[in-house]
Each structure stands twice: as C-alpha cells, then as structure tokens.
Amino acid sequence: MKAQRTTAGAALPRTPTTHAAHAAALDADDELAPLRREFELPSDGRRRLTYLCGHSLGLMPRRARSDVRAELDRWGRRAVEGHFSGDGGWFAYHQRFSAPLARLVGAAPEEVVAMNTLTANLHLMLVSFYRPTAERYKILIERDAFPSDRYAVQSQIRFHGRDPRDALLELAPEPGSWMLDVARLEALLAAEGERIALLLLPGVQYLSGQALDIGRITSLAHRHGCVVGFDLAHSIGNVPLALARDGADFAVWCSYKYLNAGPGAVAGAFVHRKWHGSDLPRFEGWWGHAAERRFAAERAFSPMPGAEAWQLSNPPILSLAPLAASLELFERAGLERLRAKSERLTGYLELLLRETLGERCEILTPAAPSQRGCQLSVRLQTAVAHFDGADRDGQDEPARHDGPRGTAEALRTAGIVADWRGDVLRLAPVPLYNRFRDVLAAVRALRRVLE
Ligand SMILES: *Cc1c(COP(=O)(O)O)cnc(C)c1O
C-alpha cells in the first residue's frame, strides 16, 4: 500500500484495520524513521511505552552513554591534563556546541553559548538587558508565563527596588481563548510602550503549544523602544527559528526537552550580534574572560567576543557531554526534513483526535502549522468524576484522579506517556523518534480511557 502524505484535512481510513495499515504505511514511507533506533526507548519492565512527552524530557540518544563514559575515562586516565588533551580537552569543550546550536536558533555561532541552566541564564540576561529608568521600568510577560520565568522577572524587579505590582505587565489572551494575539500586544504597547523596558515572551507557549511570531513581536517591541527576549524552552529543536534575522535581543533555552540532552543538562543563551562589545552591564566570571589569557590572573576583566562573555564558570562537562549526540542527530536529519515530518505527525494526531473523540476533545493549540510545533494541548470532557485524594491533606491516594491528571494516569496504565498542566493534557509526537503508529496507539488508548 502506498502511503499518502497525511496533513490536517486529509481523509482517514474507515475501519480499525485500515487505520493500523494506514499508520504503518505512513511509517514505512518516513525517511526519518531509522532515527528512532538512535534512542533508548522507555519501558515499564513488561513492555515498551509509547512516549509522547518529549516536550517535558526528551528521550536519551544511545550515544549519550558512551559520550559521558568517554569524559569519565578522560578524567580517570588524564586527571587535570584532561583540560588540554588532544581534541582540545575540557578547556574548549563547550565551543563544539556553538555551531549546531546556532543553526537550530538561526544565529551565528558567536551569538550563542551553551552554559548554565535556563533560569540562571534568564537572570544573567536580565542583569544585562533590564535596565530600568525612572520613565521606562516595566517588564511585559504573558499572563500564563512559566512559573520560573515569572519568579525570575519579579525578583529582578524587586532587585532594582521596584514593586512588581507596578512594574510587571501581563499580556492576557483574548477572553475565552488561549491564544496570545499580536493585536492585543500592539494595543498594550500603544498604551504602555514608553514605560516598558523589556518584553519576555515564549517562542512556543508551554501550556497551549502556540508558536509566536518572533519577528513580528520583535519589530513591534523595537518600534516602541523596548528590549525583547524570548524563552525558547519549547521552541528549540521544535520549530524553525531565525533569531539573528528577526533581531531578538536575547534568548534562553534548556536542553532537556526537544534537545534530548538529559535531566538538568547544560542550557543555552543567545545574545544578538548588535550587543557584542557594547557597554551592557554583566555579571562576570573567569570563563567569560578572554580564553587565551584566562589563566593569566589579570585583574581587569577582558571579555570573550560574543555570547561567550556571559559565561561564569568552567562548564559541568558530564552534563554537557550528552548534548552532542542529540545535536548530531539534528544535523543528520536536517531541520527542514524534521519540520516536514513534524507537521505531518501533528496533523495526523489532530485528525485522529477530531475523528475519534469529536466534541469530547477541545484542541487548544492553533490549527495552522506556522502557529504551532509538535505539541497539541487538549481539554477533554471526562464522563465520570473520580475522587481526588491528592488535594486533601497531602495524601496521595493510588485512586484515580479527575480531569487531565486522571486521564494521564489512565493513559500511563495503558502504556502511553503524556502529561498534564492545570486542566490541559499535553501530547507531543516528536519527529526524531515518534512514529505515526505511536500517535494512533495514543488516540486509541485515549478513546478507551474516556469511555
Ligand atoms: C521547562 C521550562 C523552564 C525550565 O527552567 P529550568 O531553569 O531549566 O529549570 C523554564 N521556562 C519555560 C518556559 C520552560 O518551559
């Protein structure tokens, strides 16, 4: 059977058997399918799990194991000399990530650096880019910002002696909607733009899965004289990005979601070229100091060119090593091919959800591929209300929960890994390792769970 390209709007087969054959044919036609073998696939001991949770923690590339072992071996055999062994050693280790990361975010290698963790990088960027004055001191975030981003921004505002109740502005979605709307942002900027120092917005919103138009937002913000930074936690490795061309001032991301670098892996930051060599204030450490004179014990700080100037410490090599395997897979697959598969996979998920669950499933994520990555966020009408033991006196009952939490638990019992936030269930078929078959299995399980 010759498979058709499945996109949203295409027709699906009618019977369960032809559904399975259809999914199998789509997999057979997928030139990226062999990449799945490069990952370790989670299991619960009895069976392999169907994993649709790469938006939270990406799967482990097989090569990560030997890459980490190689650094352990280097440490064991070479000890301190490992800093300068043959391939550059640990001294320059982080630099091998700049070019592939730059390709993922659409930047030049000197505009990106692998360092720290996301929230730490966000603070470092805010130190440089949030410079409140008497007239212009507000920060604009979205109403449903990720908690860590909100805490970072609030504490920076207080650090500058101001009150977040006055200095923190929130962009809310249209009432009754989940979508962040550029027209609302435009109105907010028209009213408050002169008082806004900085905007911090997501590339892809973590709850709704909505992808924002970074280029449009950036030019709007700049027109009002505001600095603009993006949190790319759910964007990098998921949607095409062009930070340099779009002119974003800074961006931060983590590496354990779509970049598959493992829990707490070393994150990254982007600083646009126009800010390199500027007089921005910065919190500094010796790894940001000119590499060739890093051991010279100079008293004055002499910054590395580009984003590397923001580094503080010598990086945790064991948390950086697993990133290489995944970046190599991105290079091998090619971003365009990955994105094309991603649109087909997510379109297939959308179609199956609509057909199988109909009215019982509300898809919050926009339907237009340009406005989303691979994740679909859904709200489900569940028939039965189950006792929720966890919210009373902190005792976690093994009993089932109501709402999306209960649904995620029941899915897990059926061998499907997804997750929930608030009243939203999140499902993300990841083009590097998920199959059309996985999507079909998940939707079938969901239908059984809701029955
Ligand atoms: C996952 C995520 C984070 C995580 O922050 P860490 O510092 O890596 O713990 C932050 N912001 C957003 C939007 C995220 O999705």
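This is a predicted model: local features need pLDDT of at least 70, side-chain atom pairs count only at pLDDT 80 or more; totals for chains, interfaces and linings use all residues.
The side chain of aspartate 249 reaches the backbone nitrogen of valine 228 at 2.8 Å.

I placed aspartate 249 in the loop between α9 (243-246) and β9 (250-253). Buried or exposed, I wondered of aspartate 249? Its relative accessible area is 1%, so I put it down as buried, the limit being under 20%. I also found a polar contact of 2.8 Å between the side chains of aspartate 249 and histidine 222. Leaving out residues up to four places away in sequence, I listed what aspartate 249 touches, including Phe129, Cys226, Phe270, His272 and Trp275.

Next, the rings. I got twelve aromatic pairs. I looked up tryptophan 286 and tryptophan 287: ring centres 4.7 Å apart and planes at 70°, so I logged the pair as edge-to-face. Tryptophan 286 is partly exposed at 39% relative accessibility, whereas tryptophan 287 is buried at 2%. Ring pairs tie both into a cluster with Phe84, Phe91 and Phe295.

Then charges over rings. I saw arginine 294 over the face of tryptophan 287, 4.3 Å from the ring centre. Arginine 162 has its charged end over the ring of tyrosine 137, at 4.1 Å from the centre.

Last, a helix check. I took α12 (residues 335-357): its 23 residues should span 33 Å at 1.5 Å a residue, and I find the end C-alpha atoms 32 Å apart, which agrees. Just after α12, I noted that glycine 358 has a positive phi of about 50°.

Methods: Residues are numbered from 1 along each chain as its sequence is written. Side-chain values use heavy atoms; hydrogens and water are left out. Rings of Phe, Tyr and Trp (its six-membered ring) pair if their centres lie within 6.5 Å; planes under 30 degrees apart count as stacked, over 60 as edge-to-face and the rest as tilted. Buried means under 20% relative accessible area, exposed over 50%, partly exposed in between (1.4 Å probe, protein chains only). A charge sits over a ring if NZ of Lys or CZ of Arg is within 6 Å of the ring centre and within 35 degrees of the ring normal. Helices (H or I, at least four residues) and strands (E, at least two) are DSSP runs, numbered from the N terminus. The expected span of a helix is 1.5 Å times one less than its number of residues. A polar contact is a pair of N or O atoms within 3.5 Å; within protein, one must be able to donate a hydrogen and the other to accept it, and residues adjacent in sequence count only if both atoms are side-chain atoms. Contact means heavy atoms within 4.5 Å.
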